[in-house]
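Student: Could you take me through one part of this model in close detail? I'd like the cut-offs spelled out as you go.

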Protein chains: 2
Amino acid sequence: MATDTLAINTIRTLAPDVVQKANSGHPGAPMGCAPMAHVLFSRFISANPQNPHWINRDRFVLSNGHGCVLQYVMLHLLGYDLSMEDLQSFRQVGSKTPGHPEANHGTPGIEVTTGPLGQGIASAVGLAIAEAHLAAEFNQPGFDLVDNYTYCILGDGCMQEGVQAEAASLAGHLQLGKLIALYDDNHIQIDGDTALGFTENVRLRYESYGWHVQFVENGDSDIAALTNAIEAAKKVTDKPSLIQVRTTIGYGSKNEGEEKVHGAPLGEPDIAQVKTKFGFSPDQKFNVPQQVYDFYGKVAAKGKDAEAQWNQLFDRYAAQFPQLAADFKRRLAKKLPDNIKDLLPTYKPSDPPVATRKLSETVLNKIAPQLPELIGGSADLTGSNLTRWKGAEDFQPPSTKLGSYKGRYIRFGVREHAMAAICNGISAYGALIPFGATFFNFISYALGAVRLSALSKHHVLYIMTHDSIGLGEDGPTHQPIETLACMRAMPNILNFRPADGNEVSGSYLVSLEAHDRPSVLILTRQNLPQLAGSSIEAVRKGAYVLEDAPNPSVILVATGSEVSLAVDTAAQLASENIAARVVSMPCWELFEEQSVEYQQSVFLDGVPVVSIEAMSTFGWQKWAHLTCGIDTFGASGPYKDLYKKFGLVPDVIAAKAKKLIAFYKDRKPENKIQRI
Amino acid sequence: MATDTLAINTIRTLAPDVVQKANSGHPGAPMGCAPMAHVLFSRFISANPQNPHWINRDRFVLSNGHGCVLQYVMLHLLGYDLSMEDLQSFRQVGSKTPGHPEANHGTPGIEVTTGPLGQGIASAVGLAIAEAHLAAEFNQPGFDLVDNYTYCILGDGCMQEGVQAEAASLAGHLQLGKLIALYDDNHIQIDGDTALGFTENVRLRYESYGWHVQFVENGDSDIAALTNAIEAAKKVTDKPSLIQVRTTIGYGSKNEGEEKVHGAPLGEPDIAQVKTKFGFSPDQKFNVPQQVYDFYGKVAAKGKDAEAQWNQLFDRYAAQFPQLAADFKRRLAKKLPDNIKDLLPTYKPSDPPVATRKLSETVLNKIAPQLPELIGGSADLTGSNLTRWKGAEDFQPPSTKLGSYKGRYIRFGVREHAMAAICNGISAYGALIPFGATFFNFISYALGAVRLSALSKHHVLYIMTHDSIGLGEDGPTHQPIETLACMRAMPNILNFRPADGNEVSGSYLVSLEAHDRPSVLILTRQNLPQLAGSSIEAVRKGAYVLEDAPNPSVILVATGSEVSLAVDTAAQLASENIAARVVSMPCWELFEEQSVEYQQSVFLDGVPVVSIEAMSTFGWQKWAHLTCGIDTFGASGPYKDLYKKFGLVPDVIAAKAKKLIAFYKDRKPENKIQRI
């Protein structure tokens with residue numbers, strides 16, 4: 001048997017074995033996509049299985065992540081640290097082969113997390129943006145230091161998702177010629193034939209985006225056509241490429257071409273039938289002919305050589321461009337420039353009131369020139385998010401004359417979901433810290449991807465302005481209520497709601513340092529005073545005593561714009577001889593990570609706590625005995641009117657605090673910090 | 001001046017006055033879209049301003065909702081209950097003219113909430129689906145009872161959003177010939193020229209979806225071209241229509257055609273200049289020539305006549321088809337069939353364990369045939385969500401031979417966000433109760449629209465299966481953690497996580513009755529036992545004592561799949577002579593609406609509470625002294641292994657409960673119900 005055929009048949013028999021053993025998973029896509037995966041990995045993808053982190057590797061993304069057995073099998077065959085035992089523990093607790101590919105969770109060769117449909121192709125756009133940018137930044141004549149392709153396989157499900165549409169439209173605009181996507185056009189989705197609800201002309205659509213589009217009619221066995229198409233795609237350098245590949249899902253199964261083979265094990269009799277059909281012994285499980293291992297071993301060796309050659313190139317580059325090389329290495333090591341903290345502005349209470357989005361702009365103006373790894377932009381709210389620093393150049397294809405690939409300011413367009421998924425891809429590439437911006441409320445549009453930032457430990461900054469009813473007249477459609485609770489409930493993400501300039505600086509500092517989790521910077525539209533007692537360093541603790549009084553009768557804890565409200569409330573209480581402590585809590589998650597001793601030094605035993613935050617009170621019962629917030633939707637009006645309408649003014653809160661103090665007159669409030 | 005011109009100029013001068021008075025808002029879109037709005041409202045839209053609820057009115061959706069002054073001005077000119085004073089209190093607290101159009105908040109003529117971009121066009125698809133379905137269901141030869149068009153204006157922002165792309169693709173498949181969208185192609189978005197990041201060929205894209213596409217080159221003044229295009233669109237009955245209309249944003253302003261006019265008042269000098277240019281007195285504010293009022297008065301009178309004629313048609317229809325007419329009226333009145341509750345299955349503890357998604361299927365099988373207003377489907381997870389009842393017909397264009405417009409099962413495709421926005425549109429139409437289904441985790445893809453379900457008081461059911469780590473092998477990409485906290489923090493939405501068959505039936509009952517808010521039904525993949533003590537009626541209370549013990553030492557509160565775990569834990573504690581009460585809490589929001597007395601009868605004073613829920617513990621501190629849950633991401637593995645891994649097994653929880661009891665040995669735990 002020809003090696004190509006044998007290799008493809010190996011994938012097509014091994015994949016169902018893996019699914020069968022797990023008694024769970026998706027055999028159909030691996031069997032249908034085996035030829036394109038084989039062609040990609042054997043003829044095109046340059047990567048070193050022994051060093052999956054080599055920066056100039058070609059990237060591969062399986063956007064239809066439910067077909068991950070395909071990817072695991074390929075990684076295994078190529079000699080990545082993914083053994084037959086790993087394949088055999090597919091979908092088991094603690095294995096390297098989880099139910100969908102997870103980046104940064106110990107599986108080598110997984111670039112970005114996929115499974116939630118559409119994310120992979122959108123993140124692939126981010127990988128391609130990163131490549132284009134770093135190439136423009138670092139490459140020198142004769143030194144193509146950064147020079148890799150991004151390959152992506154995606155299916156019908158991805159093709160229906162909005163995040164895919166957003167990302168593909170932007171990729172076309174950006175003329176990302178080194179992005180090559182193979183569309184597994186198998187006409188089957190979970191509900192049945194795509195005729196049920198997906199009858200658009202995908203090729204025409206991608207042409208409308210400005211992609212180079214090809215069609216491979218027989219993706220089940222026409223290796224030459226697949227090879228030729230990918231070669232042709234590589235030759236088109238100013239357009240991303242889509243290759244629509246007609247395949248048969250579950251090719252070889254007795255139910256091939258039907259939805260039955262999509263998401264459940266084939267069953268032993270069908271597997272035996274498949275093996276017989278492909279010339280394999282029906283009785284032998286997990287069978288990889290040595291010829292196939294040998295073949296892929298040679299592919300892997302080529303990848304190893306490629307890296308070795310690249311390393312030599314890099315050494316020569318370093319000799320000739322020592323500063324560039326040092327910067328490249330620093331950034332790959334995720335090390336910030338030493339002086340970042342010194343660049344951050346600090347403020348005195350006598351400084352004028354400023355909106356935290358504006359203070360954020362000041363930080364960006366200070367750090368962006370010194371932090372070349374910072375790249376990002378806004379979902380068409382630049383003038384509102386204030387994310388474009390002075391002197392920023394747009395990331396644009398040179399032909400547009402609007403910028404260049406050297407530019408670091410990305411015009412994402414009104415595409416919040418793709419923005420977040422693209423940031424994931426940029427972060428996954430390495431050597432870059434991406435950020436995306438929109439109104440805080442519209443993080444809800446992007447949540448599918450933001451969640452994957454957190455799950456995949458991507459270092460992404462989300463700069464979210466207009467963070468509450470404080471945005472005023474735009475009204476409840478734009479005013480976050482549940483949003484921060486949602487973000488706080490999400491694991492592995494830091495949510496900062498700074499109260500003034502020092503806290504904005506501190507929030508940036510911690511966000512930039514936290515390279516294994518994303519951060520959300522939640523910023524006001526309206527001006528806020530500079531507070532006495534705030535500092536950059538205090539932000540590290542998550543919450544701290546901003547203003548104290550001896551033997552306080554009550555503690556007011558607040559975040560962001562409500563901290564100054566807490567200060568005003570404390571003043572009002574003081575005028576009535578009631579001592580109140582004010583706690584600023586810019587980052588709930590960091591406070592939770594502090595020692596119980598520290599936490600108890602902030603929330604004193606025996607002193608009742610009032611929380612103040614101009615959004616849902618949901619969750620605040622963790623720290624507070626009484627919560628002040630907004631548990632309905634907001635309203636449209638000037639923001640001061642809204643604060644009054646929702647009772648977020650000193651006299652109303654002071655009255656509530658007094659009621660709380662009276663309530664606990666005869667007994668101690670429960671200590672919220674004590675952990676059982 | 002010709003009346004058309006005068007009317008358009010009136011809009012173009014009145015809109016900036018409104019924005020200027022509010023000192024906030026978006027004048028550019030109203031000025032640019034004035035001609036198309038005038039043509040639509042004067043020549044095409046059939047509606048009665050005196051009865052904005054007339055069911056057969058043409059629907060109009062302003063998807064670029066930030067341009068809402070345009071809509072408010074049109075409603076005012078047409079004589080809707082929206083006075084000049086209302087226009088003058090634009091964006092003020094309590095006004096009928098909020099910053100973006102809000103459905104069901106007192107502004108007549110607003111069909112769906114817009115502002116969050118892309119939502120309007122997607123909900124317009126829902127409005128058109130509703131029309132097509134109801135026409136197929138109710139119309140009889142000679143009786144076109146339901147026969148209206150859905151018109152939508154959308155801008156560049158909407159065109160970039162994924163939700164728009166998803167909905168447009170589905171609309172093309174569904175051949176919704178009575179949906180006509182006008183694309184305000186003004187080349188300007190907030191960041192500047194669309195050349196910055198939106199260079200796709202929109203017309204080609206819509207053609208790829210199967211839409212009928214036209215182009216009007218001069219949308220600033222070519223009334224005839226606009227009229228002809230809309231007339232041509234109406235003639236194409238088997239395709240939705242897109243009319244790309246080239247306009248100048250802020251037409252008339254000295255900054256026309258620039259982003260400056262997009263989102264801020266023009267300023268008095270520019271407004272004076274605009275008025276002079278259009279032949280209006282520069283000094284007169286809020287000027288509507290009587291000729292214009294008269295003109296629109298005649299349009300309104302035609303609309304009133306149209307309704308009167310329709311009412312006569314309906315009377316004749318009722319005489320000939322009394323049962324259909326009665327059903328139509330019942331549904332318009334949002335009255336459920338009397339026997340719905342009797343249809344709901346009940347269960348005994350001796351009945352076998354069943355997954356709640358399967359129990360949901362049983363409910364759907366029982367009620368769907370008796371509840372003709374129920375319409376909906378799944379985002380391509382029918383076999384997993386189990387949402388297709390026996391005998392269901394697909395909602396499909398007849399030419400596909402896969403169903404008909406009479407069908408009530410919608411194949412949404414993998415388009416979660418559009419699904420939710422479409423459900424909003426269907427609900428907004430009236431006489432229908434829509435539902436959408438996917439895995440619970442992927443409600444995050446749809447959140448932008450789900451939030452608008454809640455804000456707009458739409459009666460939508462979200463059937464969300466695979467609700468926790470209990471889904472097992474698919475792993476953390478698919479396992480909700482933060483999701484339920486997010487939903488609970490959202491105002492005006494009911495979240496049900498039923499524990500067994502009776503609670504599933506009860507959750508459906510309350511969801512169907514709650515016609516002014518959406519509900520989320522959160523259902524397991526895995527089997528759950530039928531519990532002793534559960535009932536349909538108990539769900540109404542939100543939480544209730546499922547199993548009691550005399551003088552309990554601890555209360556275990558749980559939801560969904562963890563209620564049986566609580567029962568098992570209580571049994572284990574009982575074996576150690578520790579009395580535990582078990583509280584099932586299928587709906588947090590309903591429990592919050594109960595009297596304090598009832599709440600205190602569930603969570604007894606002096607008894608510590610342990611919460612058990614296989615997801616984020618965020619928020620549970622409101623009720624519980626100790627929380628058992630998962631504050632990291634999940635993992636991939638068989639679900640029983642996962643429950644063990646995350647400590648959600650009786651012995652671990654019992655040990656924690658005992659620690660809690662010991663902790664409160666010498667003092668009373670704080671009463672969580674007492675409200676200050």
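Tutor: Leaving out residues up to four places away in sequence, A:Asn139 touches A:Leu134, A:Asp144, A:Leu145 and A:Val146, where contact means heavy atoms within 4.5 Å. Keep in mind that this is a predicted model, where local features need pLDDT of at least 70, side-chain atom pairs count only at pLDDT 80 or more, and totals for chains, interfaces and linings use all residues. Side-chain values use heavy atoms, with hydrogens and water left out, residues are numbered from 1 along each chain as its sequence is written, and chains are lettered from A and ligands numbered from 1 in the order in which they are written.

A:Asn139 sits in the loop between α5 (119-138) and β2 (150-155) of chain A; helices (H or I, at least four residues) and strands (E, at least two) are DSSP runs, numbered from the N terminus. Its relative accessibility is 18%, so A:Asn139 counts as buried (under 20% relative accessible area; exposed is over 50%, partly exposed in between, with a 1.4 Å probe and protein chains only). Two of its touching residues also meet the A:Asn139 side chain through backbone atoms: a polar side-chain atom of A:Asn139 lies 3.0 Å from the backbone nitrogen of A:Leu145, and the side chain reaches the backbone oxygen of A:Val146 at 2.8 Å.

Elsewhere in chain A, the axes of helix α1 (residues 3-22) and helix α11 (residues 290-320) come within 9 Å and cross at roughly 105°. Axes here are lines fitted to C-alpha atoms, for helices over the stretch in contact, and angles run from 0 to 180 degrees between N-to-C directions. That makes α1(A) roughly perpendicular to α11(A), a label for 65 to 115 degrees (under 35 is roughly parallel, over 145 roughly antiparallel, the rest oblique). On the α1(A) side, A:Thr3, A:Asp4, A:Leu6, A:Ala7, A:Thr10 and A:Ile11 meet A:Gln291, A:Val292, A:Phe295 and A:Tyr296 of α11(A).

Over in chain B, helix α3 (residues 68-78) is mostly covered, with eleven of its eleven residues buried. Among them are B:Cys68, B:Tyr72 and B:His76. These buried residues of α3(B) pack against α1 (3-22), α2 (28-44), β1 (59-62), α4 (84-88) and α11 (290-320) of chain B. After α3(B) comes B:Gly79, with a positive phi near 90°.

Methods: Polar contact = N/O pair within 3.5 Å; in protein donor to acceptor, adjacent residues only side chain to side chain.
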